[in-house]
Amino acid sequence: MSIDPGWPVAVALVALLALAVAAHRVNGYGLERSAVVAALRAIAQLGVAALLITVVVDHLWLSVLLVGVMFALGVLTTSRRVEAPASWPAAALAMAAGVVPVLVVVLATGTIPPEGIAIIPVAGIIVGNAMTAHTLVGRRAFAALRDEHAQYEAALSLGLLPAQAIREVVHRRAPEALLPGLDQVKTTGVVTLPGAFIGVMLGGGSPVQAATAQVLVLFGIMAAQTVTVGVAERLVAARRLVPADLRSALVD
């Protein structure tokens with residue numbers, strides 16, 4: 001089975017976008033323009049991605065370079081989303097700590113071959129989910145530090161070091177960033193059939209092959225997200241990953 005570009009797809013896309021915009025308007029969210037812009041960007045970006053992958057997929061070093069570009073864009077996106085663009089090196093460190101070990105494991109065990117056609121989609125999924133986890137932990141941690149600044153100061157007055165006081169505030173928030181990923185793992189095959197499963201099936205693979213690929217991806221996501229969140233939490237505590245306003249507020 002394949003889904004080829006054509007009029008049926010165009011009609012479906014327009015109808016789905018119209019439904020999304022109508023839902024925004026009916027519910028009063030005021031994000032109609034954002035939805036349209038996001039849709040147009042998705043079409044353009046996926047079109048460019050398809051062309052790039054077609055060019056680089058047969059060359060390992062170009063495939064690795066493309067993964068590097070995807071990682072860099074993920075770091076840029078999450079740094080801006082947590083309103084800490086100047087802390088992008090720390091964001092990159094947190095994400096790399098989660099992504100690199102996963103890719104090393106799947107390549108070293110021979111689970112996926114060292115070929116662009118395998119590396120690009122697997123790495124893209126892992127990087128994207130690590131980015132999401134980083135954004136979630138950052139937003140929750142920074143909101144907590146702003147809302148509970150008095151607790152931070154109280155911890156300092158009791159003799160805790162700044163890093164310890166920060167972790168007192170943010171540590172209980174960190175697991176919240178992992179809940180969407182854990183729910184996805186728990187409900188796969190019961191509530192949802194995620195992308196890797198559908199992709200293998202659409203590509204002509206058997207249900208067993210699709211299930212195997214999906215389990216591999218889910219375990220990789222779970223590992224990458226957990227490590228990313230743990231490292232990000234420590235970098236927040238060390239005040240290496242914080243927005244400008246908190247950098248000045250979280251003083252000794």
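Predicted model: local features only at pLDDT ≥ 70, side-chain atom pairs only at ≥ 80, totals over all residues.

**Pockets, core and selected residues**

The largest pocket holds about 1100 Å³ of space. The points below treat the pockets, the fold as a whole, the nonpolar core and some individual residues.

**The largest pocket**

- The lining of the largest pocket consists of 22 residues. Those nearest the centre of this pocket are Q45, L46, A49, M70 and L73.
- Three helices, α2 (32-56), α3 (60-81) and α5 (116-147), each contribute at least two residues to the lining of the largest pocket.
- Sorted by class, this lining contains 14 nonpolar, five polar and three charged residues.

**The second largest pocket**

- The second largest pocket contains about 210 Å³ of space.
- The residues that line the second largest pocket are A10, L13, V14, L16, L17, A20, A39, L40 and I43. Two or more of these lining residues come from each of the elements α1 (7-27) and α2.
- The greatest share of the lining of the second largest pocket comes from α1, which gives six residues.
- In the second largest pocket, the lining has nine nonpolar residues, with no polar and no charged residues.

**The chain as a whole**

- Read from the N terminus, the order of elements is α-α-α-α-α-α-α-α-α-α-α.
- The chain has 252 residues, and 33% of them count as buried.
- Among contacts in the chain with a separation of 6 or more, 66% are between residues 24 or more positions apart.

**Regions annotated in UniProt**

- The unreviewed UniProt entry assigns the feature "transmembrane region" to residues 6-23, 35-54, 60-78, 90-112 and 118-137.
- Residues 90-112 are 83% helix and 0% strand, with end C-alpha atoms 29 Å apart.

**The largest nonpolar core**

- The largest nonpolar core has 52 residues, of which F142, L145, I166 and L241 touch the most other members. The helices α3, α4 (88-108), α5, α6 (149-157), α7 (162-170) and α10 (207-237) each give at least two residues to this core. The greatest contribution to this core is that of α5, with 14 residues.
- Leaving out residues up to four places away in sequence, F142 touches V82, V236, L241, V242, P243 and L246.

- H134 is located in helix α5. Is H134 buried or exposed? H134 has a relative accessible area of 1%, and therefore counts as buried, because buried means under 20% relative accessible area.
- Apart from residues up to four places away in sequence, H134 touches T78, V82, A91, A94, M95, T228, A232 and L241.
- A237 belongs to helix α10. The relative accessibility of A237 is 4%, so A237 counts as buried.
- Neighbours within four places in sequence aside, A237 is in contact with A163, I166 and R167.
- A237 and A141 are 96 residues apart in sequence, while their C-alpha atoms are 9.9 Å apart in space.

**Two loop residues with positive phi**

- E83 is a residue other than glycine, yet its phi is positive, near 60°. E83 is placed in the loop between α3 and α4.
- Why does E83 count as exposed? The relative accessibility of E83 is 52%, and exposed means over 50%.
- R239 is not a glycine either, and its phi is positive, at about 60°. The loop between α10 and α11 (244-249) contains R239.
- R239 counts as partly exposed because its relative accessibility is 25%, a value that falls between the limits of under 20% for buried and over 50% for exposed.

Technical notes. Residues numbered from 1 in each chain as written. Heavy atoms only, no water. 1 Å grid on protein atoms, 1.4 Å probe; cavity = no way out; pocket = protein on both sides within 12 Å on 5 of 7 lines; lining within 4 Å. Points joined across faces, edges and corners; volume = space filled by probe spheres on them. Helix = DSSP H or I, 4+ residues; strand = E, 2+ residues; numbered from the N terminus. Nonpolar A, V, L, I, M, F, W, Y, C, P; charged D, E, K, R; others polar. Core = buried A, V, L, I, M, F, W, Y, C linked by side-chain atoms within 4.5 Å. Buried < 20%, exposed > 50% of the residue type's maximum accessible area, 1.4 Å probe, protein only. Contact = heavy atoms within 4.5 Å. UniProt positions renumbered as here; feature names shortened; annotations may be inferred.
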